[in-house]
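Student: Hi! I've just opened this one and would like to talk it through. Could you help me find my way around?

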Amino acid sequence: LNRTEYTQPALLVTSLAAFQLVREGPLLPAAVAGHSLGEYTALVAAGALEFREAVNLVQKRGRYMAEAVAPGSGLVAAILGLSEKDVRSVCQEAGSVGVVAPANFNSPGQTVIAGEKAAVEHAAELAKARGAKRVMPLPVSVPVHTPLMQVAAER
């Protein structure tokens with residue numbers, strides 16, 4: 001399940017199962033929204049996309065993302081305790097080693113970075129040197145939300 005071509009359909013189905021349980025309860029959502037893969041869940045929940053079509057699209061999306069980079073060449077990591085400005089600076093400096101970029105600004109002080117493995121590892125070391133409280137590699141098989149995914153986006 002750690003391979004994105006399997007993770008993405010599994011997350012979609014799990015999210016839609018949770019949504020179905022919410023819909024059956026006493027509270028009804030007034031709106032739905034999602035980020036990245038969550039957009040597909042939101043589209044199905046809103047009735048704009050059929051379940052089967054969404055599963056098919058998400059499976060292809062995951063496969064295209066997996067095919068965009070060689071297995072093991074990418075890395076994703078969470079940086080805790082650095083400002084957005086510092087994370088951007090660390091990624092820019094580590095860019096001398098390869099592609100690395102902020103992928104998700106989850107909250108103030110928690111940013112996910114992704115890119116080529118060596119560049120992300122270098123950015124992690126730079127982040128620690130700048131005072132990051134913690135840098136955690138994440139079990140994601142592709143460097144999501146980076147220029148390395150452009151080929152997948154085009155497909």
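Student: Let's start with the second largest pocket: which helix gives the largest share of its lining?
Tutor: That is α3, which supplies 5 residues of the lining. Helices here are DSSP runs of H or I with at least four residues, strands are runs of E with at least two, and both are numbered from the N terminus. Before we go on, this is a predicted model, where local features need pLDDT of at least 70 and side-chain atom pairs count only at pLDDT 80 or more, while totals for chains, interfaces and linings use all residues. Residues are numbered from 1 along each chain as its sequence is written, and side-chain values use heavy atoms, with hydrogens and water left out.

Student: How much space lies in that second largest pocket?
Tutor: About 320 Å³. A pocket is an open set of points on a 1 Å grid over the protein atoms alone, where a 1.4 Å probe fits and protein lies on both sides within 12 Å along at least five of seven lines; lining residues have an atom within 4 Å of a point. Grid points are joined across faces, edges and corners, and the volume is the space filled by probe spheres set on the points.

Student: And which residues are closest to its centre?
Tutor: Of the 14 lining residues, those are R61, M65, M149, A152 and A153. Two elements give two or more residues to this lining, α3 and α6 (150-154). By class, the lining divides into 8 nonpolar, 3 polar and 3 charged residues. Ala, Val, Leu, Ile, Met, Phe, Trp, Tyr, Cys and Pro count as nonpolar, Asp, Glu, Lys and Arg as charged, and the others, Gly among them, as polar.

Student: Tell me about M65. Is it buried or exposed?
Tutor: M65 counts as buried because its relative accessibility is 9%. Buried means under 20% relative accessible area, exposed means over 50%, and partly exposed is in between, using a 1.4 Å probe and protein chains only. M65 is found in helix α3, residues 51-68.

Student: What does M65 touch, apart from its sequence neighbours?
Tutor: Beyond the residues within four places in sequence, M65 is in contact (heavy atoms within 4.5 Å) with T4, Q8, V142, V144, M149 and A152. T4 is 61 residues away from M65 in sequence, yet their C-alpha atoms are 7.5 Å apart.

Student: OK, now the largest pocket. What's its volume?
Tutor: About 450 Å³. It is lined by 24 residues, and the closest to its centre are L11, S36, L37, V140 and V144. The biggest contributor is α1, with 5 residues. The lining comprises 10 nonpolar, 13 polar and 1 charged residues.

Student: Which loop holds H145?
Tutor: H145 is in the loop between β4 and α6. H145 is not a glycine either, but has a positive phi of about 55°. With a relative accessible area of 35%, H145 is partly exposed.

Student: Switching to the sheet: what is the strand order?
Tutor: The 4 strands form an open, antiparallel sheet in the order β2-β3-β1-β4. Strands count as paired if DSSP finds at least two bridges between them. β2 and β4 (134-137) are at the edges with a single partner strand each, so one side of each has no neighbour in the sheet. From one strand to the next, the twist averages 25°.

Student: How many bridges join β1 to β4?
Tutor: There are 4. In one of them, I79 is partnered with V135 in β4.

Student: Where does A77 lie?
Tutor: A77 lies in strand β1, residues 74-80. At 3% relative accessibility, A77 counts as buried. Leaving out neighbours within four places in sequence, the contacts of A77 include V112, V120, V135 and L138.

Student: Last one: how many helices and strands does the chain have?
Tutor: The chain has 6 helices and 4 strands, and along the sequence they follow the pattern α-α-α-β-α-β-β-α-β-α. Of the 155 residues, 37% are buried.

Definitions and conventions:
Axes are lines fitted to C-alpha atoms, for helices over the stretch in contact, and angles run from 0 to 180 degrees between N-to-C directions.
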